Amino acid sequence: MKSHTGYFVLSVLGAIICILFFLMSQTTSDLNAQVTGENKTSNKIIMHIHSHLNVTVNGKLLIVPNGIGINSTLWNDHSLDKFGTERKTTIFGMITPAMSPLHTHDSSGTIHVESTEYRNYTLGQFLSIWGKPLEGSKVILFINGNSTENYSNYILKDREKMILKIEH
C-alpha cells in the first residue's frame, strides 16, 4: 500500500511541476490573448542584426551609451516603437523591458536591430532615438573603410563596422 501512495505522490508532484513550467513560460499578455482571442504575435522578434558604431566628435571618442532605446532618458524618438517590444510582466512578476527596434545593451558600440517586422532601419533613425541631431555639423560616415556623407539614410547591416566622424 505504501508503494502505491508513493507513486501517486510522485505523479501528482510531476503534474504540478509540468503545470508550473507551462505557466512560467506564459506571460500575462499571452494569457490575455488566449482569453480574448486577439492576435499578439506582432510582439515577437523576427529580425535581429548587429552593427558596430564608433563615434568621434572633433577628433575625440564619444562612447555610445548603454540603454539607448531602452532607458527612457536615452529614448528620445518613439516613431518606431510599434516595431519594438512592449514591456511585459510574467505571472510570477518578472518584467521584460520595452525596447525600441534600434537599441544598445552596453557601451561597446553595438547597435542591436531587434524588430517585429523585416524592414530597413537607418543610422539616422538610431541617432534620432538616441537624441543626437547633427544638423549644422560636418558629418562623415565610414563603413568598413569606405566614406559617405549620407549618414542619415544609411541602412544598417549585420556585422558591419561604422565610424561616424562629427566636426562642430
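Which residues of α3 are buried? They are L123, G124, F126, L127, I129 and W130. Buried means under 20% relative accessible area, exposed over 50%, and partly exposed in between, using a 1.4 Å probe and protein chains only. The model is predicted: local features need pLDDT of at least 70, side-chain atom pairs count only at pLDDT 80 or more, and totals for chains, interfaces and linings use all residues. Residues are numbered from 1 along each chain as its sequence is written, and side-chain values use heavy atoms, with hydrogens and water left out.

**Helix α3**

- Helix α3 spans residues 123-130. Helices (H or I, at least four residues) and strands (E, at least two) are DSSP runs, numbered from the N terminus.
- Six of the eight residues of α3 are buried, so the helix is mostly covered.
- The buried residues of α3 pack against β1, β2 (60-62), β5 (102-103), β6 (110-115), β7 (138-143) and β9 (161-167). Contact means heavy atoms within 4.5 Å.

- S51 sits in strand β1, residues 47-57.
- S51 counts as buried because its relative accessibility is 1%.
- The side chains of S51 and E160 are joined by a polar contact of 3.3 Å. A polar contact is a pair of N or O atoms within 3.5 Å; within protein, one must be able to donate a hydrogen and the other to accept it, and residues adjacent in sequence count only if both atoms are side-chain atoms.
- Not counting residues up to four places away in sequence, S51 touches G109, T110, I111, L156, K157, E160 and M162.
- R159 lies in the loop between β8 (146-148) and β9.
- R159 is exposed, at 75% relative accessible area.
- The C-alpha atoms of R159 and S51 are separated by 5.2 Å, yet the two residues are 108 residues apart along the chain.

**H103**

- H103 belongs to strand β5.
- H103 is buried because its relative accessible area is 0%.
- The H103 side chain reaches the backbone oxygen of S100 at 2.7 Å.
- Beyond neighbours within four places in sequence, the contacts of H103 are I68, G69, I70, T110, I111, H112 and E114.

**Strand pairing around β7**

- β7 and β9 run antiparallel and are joined by six bridges. Two strands pair if DSSP finds at least two bridges between them.
- K138 has E167 in β9 as its bridge partner.
- β7 and β8 also run antiparallel, with three bridges.
- F142 stands opposite S147 in β8.
- The hairpin of β7 and β8 has two residues between the strands, and N144 takes a positive phi near 50° there.
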